[in-house]
Amino acid sequence: MSIAEPICGPLVGSKVIDCPLTNRVLLLGNDDRVLLAVARGLGRKGIEVHVAWCDPSSNALKSKYIFRFHVIPSFSMESDDWLKALNRLVRAERFDLVMPCNDFAVIPLQNHRDRLADETRWYLINEEAFRIAFDKAETSGLANSLEIKTPREYAINDVQIRQLAQQTEVAAIEGQRLHFPIYVKPRSSITQHDVKNKRSAQRIDTPAELAETFRKDCPADGLLIQESFAGVGVGVEVLACKGKILMQLQHRRLRETIDGGSTYRETIAEIPELSDATLKLVKRLNYTGVAMFEYRYCPDTRDWVFLEINARFWGSLPLAIASGANFPYALYEMLVLHRSEFDSSYVVGRRCRNLIKDLRAFRMQRHTKLYLWDLLLAKDHFDFMAKDDWRPQLAELGDIAKAMFAKIFWRQKN
């Protein structure tokens, strides 16, 4: 197996196979939004994009930048069929690079890195970075060791969860009184034993609600209890090589979901304190690849805390692409073409929204007329919409229309 590991400085060499370039890349993953953004970032630069491990009905596959969809078995702990099929595919197609696009694809490849075919380059991060970044408790521990500010947090195991679940209210953990609201987080969003189901954070507002949560959920790997921090969500997106940041973009969340995600975001000028903290983490992990580092930031006080690392392509990647920061192609250039210098400039103030999820989030708010007016004026970018690649968005709008008609029909029938 060949893992692309460039040498920073000038890039004079790398641990990769010696073969002619094909300008062909294989993307793996089942997140439509990220998959589409990566495909567009590569396809616009003339890369032939192939896709696997994606739902055949995905609207992302309607993109003109996706050349071919390959059907191979999904990852399974009980069978090697997925690995054999994947290795056969890369040997037959001679890809320059295989890119996993979300946790669903990252985790199997990382955990089976020694069994991947030698005939191509595989984008994987180093084993220590994988272990730490994919365990939120380990991530917090690393940040604390580097004196990077984090929210007050408690890691509890399954035994403690069962004990706390017997109470009618949980107002304290390890003798320390909790300040609500808090967030209950899984240590890892996805595990190797269940790569298909993502575990999300939950906002908890009362001690009684926390006790009820423990009665419903007792994962074997435990949970994290994290106190909230006033401020807005800020992401620092990077491309790094051997602990050196080569490209960077920062964005803030304009609308967030209850599980800690976002539906509407905006690029912002650099916040130096967050750049400094990110660089500390990148250096310590000797990180090579793309990642997004999450923070909470209070503009009034300039106080902040670090939350976690998304050590792969992130959900708000369409915003970066729309702002001129083409992280997917830069990653290709770094790992395949051995580039070490990149333009970190991007458009500040650009906004991008996930249309369907943002509409759902906005239903709970007012000013609907103003919101619809913004949509009609097309003032913002959308995760799925692009002037040069309109079919995925058209398919998504078709899905919305079908869902609306189905709902109307159900109401009339009942």
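Trainee: In β14, which residue is the bridge partner of L239?

Mentor: A word on the source comes before the reply. Residues are numbered from 1 along each chain as its sequence is written. This is a predicted model, in which local features need pLDDT of at least 70 and side-chain atom pairs count only at pLDDT 80 or more, while totals for chains, interfaces and linings use all residues; side-chain values use heavy atoms, with hydrogens and water left out. Strands of a sheet pair through backbone hydrogen bonds, either parallel or antiparallel. Here the partner of L239 in β14 is M247. Helices (H or I, at least four residues) and strands (E, at least two) are DSSP runs, numbered from the N terminus. Strand β13 (residues 232–241) and strand β14 (residues 244–256) run antiparallel and are joined by eight bridges.

Trainee: In what order do the strands form the open sheet?

Mentor: Two strands count as paired if DSSP finds at least two bridges between them. The order of the seven strands is β17-β16-β13-β14-β15-β18-β19, with mixed pairing. Because β17 (303–310) and β19 (381–382) each have a single partner strand, they stand at the edges, and one side of each is left without a neighbour in the sheet.

Trainee: Which strands does helix α8 touch as it packs on the sheet?

Mentor: Contact means heavy atoms within 4.5 Å. Helix α8 (residues 272–285) touches β13, β14, β16 (289–298) and β17. Within α8 one finds E273. Beyond its neighbours within four places in sequence, E273 is in contact with Y297, R302 and W304.

Trainee: How far apart are E273 and R302 in sequence and in space?

Mentor: They are separated by 29 residues in sequence and by 9.0 Å in space, C-alpha to C-alpha.

Trainee: Which residues of helix α6 are buried?

Mentor: Buried means under 20% relative accessible area, exposed over 50%, and partly exposed in between (1.4 Å probe, protein chains only). In α6 (residues 158–165), the buried residues are I161, L164 and A165. They lie on the same side of α6, because they cover an arc of only 100° around the axis, the arc being that of the directions from the helix axis to the C-beta atoms. Their cover includes β7 (153–156), β8 (172–173), α7 (207–216) and β12 (223–227).

Trainee: Is S316 buried or exposed?

Mentor: S316 is buried, since its relative accessible area is 5%. The loop between β17 and α9 (317–322) holds S316. Leaving aside neighbours within four places in sequence, S316 is in contact with E237, H251 and R265.

Definitions and conventions: Axes fitted to C-alpha atoms, helices over the stretch in contact; angles between N-to-C directions.
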